[in-house]
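Welcome! Here is a short briefing to read alongside the model on your screen.

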Amino acid sequence: MLASMELSQNPGLLLHKIGSMMEHMSDNVLFENFGIGFSQFTILFVLENHQSIQQKEIALYLGQTEASVSRQVKLLKQAGFIDIAVGKDDRKKRIITLTKKGSIVACESFNILNNFYQPILSSLGPNEQLEMARMLGKVHDRLNETCEYLARSE
C-alpha cells in the first residue's frame, strides 16, 4: 500500500486533475457559446497564432496524435471555421488556414475562457498568478521537449 495518496502532495497528479477539470468546464462553456469543444478550440488557437500550417504540425504543437487532430479538423471544416488546401509541392500535404469566421470564434472563445476562469484564478494574488504562470511555463517547455523527442523517435 502507498504511504500517502494525497493528491495535493503529488504535483503531477494534481496538474492532471486540474487539467481534466478545466477541459471539461471549457468544453461546456465553448459548446454553449459556439457549438465547439475545447479540442476544436485548441486547433483554432494554434491556427490563430501559426497561419497556414500542416495538420501534422498542429498535432505536434498540441502533443496529440494526427488521428485525433484529423477528427477535429473535419468538424471545424464542416462548421466553416477552417479551409484546407492541398500542398503545391506534395499533394499529400494538407495546409490548414482559418476562415474569417474561424478567426472571430477563436478570439471570442479565448476571451470567454479568460473571463470564465478569472474568478477561479483570482483566489491567487497577482504576483502568485505570475509565479504560477512562470512555473507552469517551465513544466510546459519540458513536456514540449519530451513530446518533440518522442515524435522524432517514432
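Helices here are DSSP runs of H or I with at least four residues, numbered from the N terminus. Keep in mind that this is a predicted model.

**The largest pocket**
- The largest pocket has a volume of about 2,300 Å³.
- Its lining is made up of 41 residues, and G19, M22, F38, L136 and H140 are the closest to its centre.
- Which helices each supply at least two residues of this lining? They are helix 1 (11-34), helix 2 (38-49), helix 3 (55-62), helix 5 (100-121) and helix 6 (126-153).
- By type, the lining residues divide into 24 nonpolar, 16 polar and one charged.

**The largest nonpolar core**
- This core has 23 residues, and those touching the most other members are I36, I43, L44, L47, I58, F81 and I82.
- At least two residues each come from helix 1, helix 2, helix 3, helix 4 (66-78), strand 3 (94-98) and helix 5.
- Helix 2 gives the largest share of the core, with five residues.

**A closer look at helix 2**
- Helix 2 is twelve residues long and spans 17 Å from first C-alpha to last, close to the 16 Å expected at 1.5 Å a residue.
- Its buried residues include Q40, F41, T42, I43, L44, V46 and L47.
- What does L44 contact, leaving aside its neighbours within four places in sequence? Its partners are I36, L76, F81, I82, L98, G102, V105 and A106.

Methods
Residues numbered from 1 in each chain as written. Predicted model: local features only at pLDDT ≥ 70, side-chain atom pairs only at ≥ 80, totals over all residues. Heavy atoms only, no water. 1 Å grid on protein atoms, 1.4 Å probe; cavity = no way out; pocket = protein on both sides within 12 Å on 5 of 7 lines; lining within 4 Å. Points joined across faces, edges and corners; volume = space filled by probe spheres on them. Nonpolar A, V, L, I, M, F, W, Y, C, P; charged D, E, K, R; others polar. Core = buried A, V, L, I, M, F, W, Y, C linked by side-chain atoms within 4.5 Å. Buried < 20%, exposed > 50% of the residue type's maximum accessible area, 1.4 Å probe, protein only. Contact = heavy atoms within 4.5 Å. Expected span 1.5 Å × (residues − 1).
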